Amino acid sequence: MEFPKRVQRLRSGLLLGAAFALAALPGQAEMRPTLSFSGVTGLIDMPTGESQSDGVLSITTAHFGPVSRTTLSFQITPRLSGSFRYMGIRNWDDVIANPYETYYDRSFDLRYQILDETRYLPSVTIGLQDFIGTGMMQAEYIAATKTFGDKLKVTAGLGWGRLGSYQSIGSAGTRPPVVIGEGGTAHTGQWFKGDIAPFAGIEWQITPKLGFKAEYSSDAYEIESEEYGTFERASPYNFGLEYQATDVLRLGAYYLYGSEFGVSAQFVLDPYKRPTGGPLIPGPRPVKERPARGGEAWSEAWVTDGSQQASYRDGLARALRADRVTLETVAFTANSAEVRIRVPAQENAAQVIGRTARAMANTLPASVETFRIVPLRNGIALSRVEMRRSDLEDLDHAAGQDGLMWSRISVGDAADPQTGALMSPGLYPRFNWGVTPYVRTSLYDPDNPLRADVGVRLSASYDIAPGIVLSGAVSKKIAGNLDSSDRVSDSVLPHVRSDGNLYDREGDPAIEHLTAAWYARPADNLYSRVTVGYLERMFGGVSAELLWKRVDSPFALGVEINYVKQRDYDQMFGFRDYDVVTGHISGYYSFGKGYTAQLDVGRYLAGDYGATLSLDREFANGWSVGAFATFTDVSFEDFGEGSFDKGIRLRIPFNWMLGRPTDKVYSPTIRPITRDGGARLSVDGRLYDSVRGYHQGSLDDMWGRFWR
Amino acid sequence: MRAASLAALLAATTLGACGLGGKAVAPVAGMLTGARPASAVSMPKDGPEITVTLTFRGIRFPMRQLETEGDVTTWIAADGATMETRNGMVIATRGFGQDLMSASVPTPAQLVSGAGHQRVHFFLDGTDTTNRRDYACTVAAATGGDGPAVAHHLTEACVAEGRRVTNEYWIDSRLRVIKSKQWVSNHAGYVVFSAP
């Protein structure tokens with residue numbers, strides 16, 4: 001029978017073509033909450049009382065007349081959401097002479113939904129706009145939204161600050177004037193003070209894909225319109241049409257304030273909805289059941305025969321290779337086997353354990369009943385997952401198999417060295433190299449808010465022995481305009497980060513890093529790292545870290561100490577004459593359900609002392625969204641624009657997007673501004689993140705993938 | 001200048017992508033070279049074969065018997081996607097998009113008896129968290145449809161959390177499922193196939 005044609009059709013059809021098939025899904029009946037010009041759940045320029053679905057990450061870019069806003073929003077919990085916005089107002093020098101043709105500003109929002117919609121009551125949200133920033137966009141609001149039928153939503157609300165600036169109906173005391181300063185401080189004194197004005201609007205879903213919005217805006221645009229004359233606000237009424245182009249993208253066209261046309265694009269990513277439905281990888285090999293106990297197959301003679309052991313080891317290594325798992329060692333007794341495996345960096349940990357267990361069940365002699373699987377990263381043991389082979393056989397086709405299996409395994413520490421292990425041949429030393437393209441950007445410079453270089457990076461690593469790694473990377477720019485920044489840092493602190501443009505300009509080619517690292521397990525629950533060399537683009541020296549983390553504990557404690565010297569701008573082998581001892585004590589805590597906190601206390605690169613608090617929400621699929629802020633003994637004034645270091649960090653694995661195994665991750669850290677205070681060394685291989693994926697709190701969240 | 005700065009602004013936050021302190025490096029290589037999956041198991045060259053249709057995804061493809069263990073048969077497609085059936089009842093899929101991870105299902109004999117029953121499906125949401133759905137099901141005789149002339153032509157209507165799915169079976173007098181249409185997931189829809 002001829003097969004190839006059908007096979008080909010299937011390849012493009014089943015595993016790889018799922019993203020395409022999504023388009024064919026029937027349209028959703030309910031009205032999804034949409035986003036406003038400010039990138040928060042809302043109408044056109046006004047907010048509504050609803051929230052996005054839990055975990056939703058959105059980027060909205062909206063433009064009308066001279067105003068442009070791009071906003072990143074995250075639904076932190078089902079009720080709480082946060083936004084970071086970058087805004088530009090053109091024609092800034094039309095009426096009032098000043099050096100800027102375009103005024104750029106950043107702002108942060110927080111919103112909290114206090115009431116869910118019920119049959120009779122609307123959903124109600126209270127919001128703080130630009131609560132920490134220059135204060136230019138500052139407003140507070142309370143908005144209520146009620147759905148009628150399945151096609152109409154009506155919103156009404158009250159605004160303060162900017163949203164109370166048009167046709168106010170009353171006032172709540174006097175609002176202190178906004179002092180547009182360095183930004184970065186919360187304007188608590190102004191919240192819900194001063195004039196109050198109402199706003200309202202409707203959203204009508206004409207067809208499942210097409211929506212109409214109309215609103216009455218309570219924002220007078222005093223600064224943009226009356227003061228700077230960038231556009232004429234002739235009317236409070238705004239109208240728009242929005243089109244749901246795909247599940248992810250919504251496009252809009254609008255007529256605003258009686259004088260301007262506008263457009264917007266809303267990108268909405270929901271971690272609960274994989275673009276491909278699920279991981280598009282082949283199914284696992286079914287667990288082969290052993291013959292009835294007692295027969296020849298159950299002989300234990302193999303365990304005294306070195307060549308038989310080696311052949312079982314090699315058979316297992318072959319079976320694991322298909323899942324990108326490398327067998328480092330295996331230790332046999334007649335009734336047990338402990339394997340130490342090198343795991344793919346971004347693969348789901350539960351799935352790696354599951355596939356390894358199946359490979360063991362399908363290759364090892366029948367007398368082996370206990371499986372112990374020890375995942376390794378950078379040569380060090382992360383944990384030991386122990387299970388019975390008969391449980392694997394019993395549950396392979398059972399309903400609710402993941403919960404049942406989880407209750408029958410144990411996860412423990414694996415710090416002790418393995419005795420009597422057979423090592424796979426040819427693993428050390430091992431040389432790896434690769435050439436990849438890269439993109440490097442510089443954001444939010446008022447002269448040009450987006451600069452970028454593209455180029456190629458040659459990277460290589462050399463594993464000398466388990467835990468000892470030499471690695472390096474060299475980059476060469478091909479094209480870009482990062483070198484066009486001639487901004488001179490005005491920082492009064494040592495220029496530990498603010499000379500970044502000099503590094504961009506002169507580092508072509510650049511040695512990005514060149515290090516020797518040693519990873520080890522000094523004792524139970526302890527992990528260590530020592531890294532020496534050119535650690536990052538701007539600093540070289542020595543970095544040492546020790547982490548205490550029990551496999552079953554939500555708490556971890558780390559200590560890191562570094563002595564580093566600033567590198568020359570050309571990023572070759574030379575150093576500048578600034579050196580510093582920097583280091584932190586770090587506490588990590590996992591609250592459960594993926595909410596985690598990290599507190600680092602110590603000395604930063606500029607010699608300043610202080611602390612960084614980071615809060616993240618992580619998902620079992622590898623997504624994470626978080627924010628951090630650092631306060632040090634550097635005064636807000638000495639810090640300069642932004643007052644203190646803060647930012648947002650995202651992490652979206654490409655395998656979630658594509659459904660295919662890949663270790664690539666999209667993991668930007670977005671800082672509104674980079675200054676010298678509160679700056680930390682950037683060194684590869686920090687322990688906490690590389691260790692805990694195979695620990696209990698993380699493994700049990702994703703355990704459903706054990707059987708994938 | 002205006003157009004340029006507008007475009008730049010549009011991209012600025014979007015491409016926050018690449019920022020370590022606003023300046024860092026995003027690998028784009030994965031987009032170009034994402035490794036193709038290596039299949040641990042492959043489709044046998046011959047043996048019992050079925051043709052499977054996924055209704056929501058509108059695709060049709062052959063699967064062959066990979067293994068039989070007790071009353072469970074594992075079927076495999078050319079690209080390594082698999083489906084497990086117990087006496088013709090689908091209990092799991094792997095690689096169908098959103099999969100049915102495991103299930104508690106009635107036997108053909110229970111269906112033929114016509115009694116109401118429970119059905120439990122386990123699946124992973126987009127965050128890789130296991131979800132359980134308990135269906136309450138009723139069985140009714142069916143008419144019409146495109147199927148073989150057999151002793152029992154039945155529908156199994158199941159409701160959970162306001163969602164309704166309807167499976168359809170053609171079962172012969174020896175209680176073998178000859179043809180069926182069975183629910184897999186919101187993403188894949190129903191799977192339709194006939195016994196080999």
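Of the 196 residues of chain B, 47% count as buried, that is, they have 20 or more other C-beta atoms within 10 Å of their own, with C-beta atoms placed from the backbone. The model is predicted: local features need pLDDT of at least 70, side-chain atom pairs count only at pLDDT 80 or more, and totals for chains, interfaces and linings use all residues. Residues are numbered from 1 along each chain as its sequence is written, and chains are lettered from A and ligands numbered from 1 in the order in which they are written.

**Exercise 1. Describe the make-up of chain B and the confidence assigned to it.**

Step 1. Chain B has three helices and 13 strands, where helices (H or I, at least four residues) and strands (E, at least two) are DSSP runs numbered from the N terminus.

Step 2. Contacts are counted when C-beta atoms, placed from the backbone, lie within 7 Å. Among those in chain B between residues at least 6 apart in sequence, 33% join residues at least 24 apart.

Step 3. The mean pLDDT (the predictor's confidence in each residue, from 0 to 100) of chain B is 83, and 80% of its residues reach 70 or more. Residues 1-39 of chain B have pLDDT below 50, yet this stretch has 102 contacts in the model beyond near neighbours in sequence.

Step 4. For the complex, the predictor gives an ipTM of 0.88 and a pTM of 0.90.

**Exercise 2. Which residues have the most contacts inside the largest nonpolar core?**

Step 1. A nonpolar core is a set of buried Ala, Val, Leu, Ile, Met, Phe, Trp, Tyr and Cys residues joined through C-beta atoms within 7 Å. The largest has 111 residues, and A:Leu316 and A:Met360 have the most contacts inside it.

Step 2. Helix α5 (residues 349-363) of chain A supplies the largest share of this core, eight residues.

Step 3. Leaving aside neighbours within four places in sequence, the contacts of A:Leu316 include A:Leu327, A:Val330 and A:Met360.

Step 4. A second, separate core of 34 residues includes A:Phe64 and A:Trp92.

**Exercise 3. Trace the pairing of strand β24 of chain A.**

Step 1. Strands pair if DSSP finds at least two bridges between them. Strand β23 (residues 468-480) of chain A and strand β24 (residues 510-520) of chain A are antiparallel over eight bridges, and A:Ala473 stands opposite A:His513 in β24(A).

Step 2. β24(A) also pairs in the antiparallel sense with strand β25 (residues 526-534) of chain A, over seven bridges. Here A:Tyr519 has A:Arg529 in β25(A) as its bridge partner.

Step 3. Five residues separate β24(A) and β25(A) in a hairpin, and A:Asn525 in the turn has a positive phi of about 65°.

Conventions:
Contact = placed C-beta atoms within 7 Å. Buried ≥ 20, exposed ≤ 12 C-beta atoms within 10 Å, placed from the backbone.
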